[in-house]
Amino acid sequence: MSRLMDPPPKFLPPEWRLANQIHYGNAEAERSRSERLTAESKRLIEESGMAAKRMQQDANKRLEQRIHDIKFWRTELDKKLEEVVQEIEVLISYKSRVERALESCAEPLRVALQCLTERQRRVSIDLVHDDVERELMKEREVIEGVASLLNRTLEQTNEQIRLNRSAKYYLEKDLRDKFQAEQIDGFCSILTSASPNIDNATSQTLLAAPGATVTPEEWETFSNINILKAEREKNNSLSLRALVDSLLEQTAADMRRQHNAMGTALRLQVQETKAAKGQLEDHLVKVLSEVASQECNLEALRVAIDDKAGPLKVAQTRLSARSQRPSIELCHDPAQVRLLSEVQELTAHIKRLREAQAQSEMELLALTRSQLILEEEIQVKSHSLYIDEVICTQLRQPISIHSF
């Protein structure tokens, strides 16, 4: 029992000193490590602070450069957009010119067709395929050709306006996107560590989708493509406008030239018809005069025949009476010879007079027929003159070919 109550064994002094040395060593090691950690932490703090500041400055520079690039491309896009907008407005005015030119073809074409229809109402020999009809048909072909060409040009103009508007749409969309990007980058460029709501922004960034896969080169190429497309469409539009100017001038000149040719042909035809009508009227006057002369001649022949009837009856009566002479008195004396000769001659005269009368009657009938033909032809010419000089001329008078 007494053995159990003995004190524990004690360490020797060397052990105590060794233990102290160990504790001193451990404390010194811990202190050294702590000092090194403190120094490393301080260096790390300074390095990370400088790195953060440097990276933020670099990010600010890059954001400023990005904003500068965006502004440059916005300026280029704005300039091209303004050119395209102006070109669209000008091309729309050209479209209006083509539409007015196309509308102006309707009335000349209607008049040409109506003149052709009216001239179909000519009768008899005047229903001829003359220069006026040929010019009218040519005028119809010219106007229809011009209208067809203007229709195709109008379709091309509408298509070019659509293409210009498409280029304008992509420019505007690119501008809107760049404006939004510039606003975002501008906001980012003014952010600092002291800016409010950066914690919220950080949380939103963590929840956002990964960065875009578009490279800066692709980004520039995209805007450049839009600008090049707009430039191409603008150049196409300029070429089309030059074509429209030339086309409107040429078509107006063609229609004006044909209109004048038709007017000249119509005037010449009216003059020729009037001249023919005047000659017919002159011949009619002569024929009427000749009819009157022939009627007088026929009346004179009738009178002459009637005048010969008396002397012939006298001579025949004398011969009949002398044939009653008796016996030897029935002599073929000079008186008998004269009476026989008188009867023969009077009979021959009457025969010739009757032949002349028959010829005169036939000639009078021929003159009457000629009179009727001339009167009918004069009516035909008057009808043709009414169609050409009154109807067609009045129809064509208001027509004026303008350049649009």
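Predicted model: local features only at pLDDT ≥ 70, side-chain atom pairs only at ≥ 80, totals over all residues.
Helix packing comes first. The axes of α1 and α3 come within 8 Å of each other. They cross at roughly 160°. Angles over 145 degrees count as roughly antiparallel, so α1 is roughly antiparallel to α3. The crossing of α1 past α3 is left-handed. Sorted by class, the residues of this contact comprise 23 nonpolar, nine polar and 15 charged.

Helix α3 also packs against α5. Here the axes lie 9 Å apart, and the angle is about 165°. This angle makes α3 roughly antiparallel to α5. The crossing of α3 and α5 is left-handed. Its contact contains 25 nonpolar, 14 polar and ten charged residues.

A further pair is formed by α2 and α6. These helices pack at an angle of about 170°, with 10 Å between their axes. Accordingly, α2 runs roughly antiparallel to α6. The crossing of α2 and α6 is right-handed. On the α2 side, the contact is made by V111, Q114, C115, E118 and R119. On the α6 side, I387, D388, I391, C392, L395 and R396 take part. By class, the residues of the contact of α2 with α6 are six nonpolar, one polar and four charged.

The largest nonpolar core has 32 residues. Those with the most contacts inside this core are C105, C115, V132, L136, L150, V244 and M255. Five helices each supply at least two residues of the core: α1 (13-104), α2 (106-119), α3 (131-189), α5 (216-322) and α6 (334-396). Another core, of twelve residues, lies apart from the largest one. Its members include L77, L171, W219 and A230.

Within the largest core, L136 is one of the residues with the most contacts. Residues up to four places away in sequence aside, L136 touches A112, C115, L116, R119, M262 and R396. Among these partners, C115 is likewise listed with the most contacts inside the core. Both C115 and R119 of α2 also belong to the contact of α2 with α6, as does R396 of α6.

Single residues complete the description. Q357 lies in helix α6. The relative accessible area of Q357 is 13%. Buried means under 20%, so Q357 is buried. Not counting residues up to four places away in sequence, Q357 touches L298, L301, R302 and I305.

S124 is found in the loop between α2 and α3. Although S124 is not a glycine, its phi is positive, at about 55°. S124 has a relative accessible area of 47% and is therefore partly exposed.

M55 lies in helix α1. With a relative accessible area of 55%, M55 is exposed. M55 and M137 are 82 residues apart along the chain. Their C-alpha atoms are separated by 85 Å.

Key: Residues numbered from 1 in each chain as written. Heavy atoms only, no water. Core = buried A, V, L, I, M, F, W, Y, C linked by side-chain atoms within 4.5 Å. Buried < 20%, exposed > 50% of the residue type's maximum accessible area, 1.4 Å probe, protein only. Helix = DSSP H or I, 4+ residues; strand = E, 2+ residues; numbered from the N terminus. Contact = heavy atoms within 4.5 Å. Axes fitted to C-alpha atoms, helices over the stretch in contact; angles between N-to-C directions. Parallel < 35°, antiparallel > 145°, perpendicular 65-115°, else oblique. Left-handed = near helix turned anticlockwise from the far one by under 90°. Nonpolar A, V, L, I, M, F, W, Y, C, P; charged D, E, K, R; others polar.
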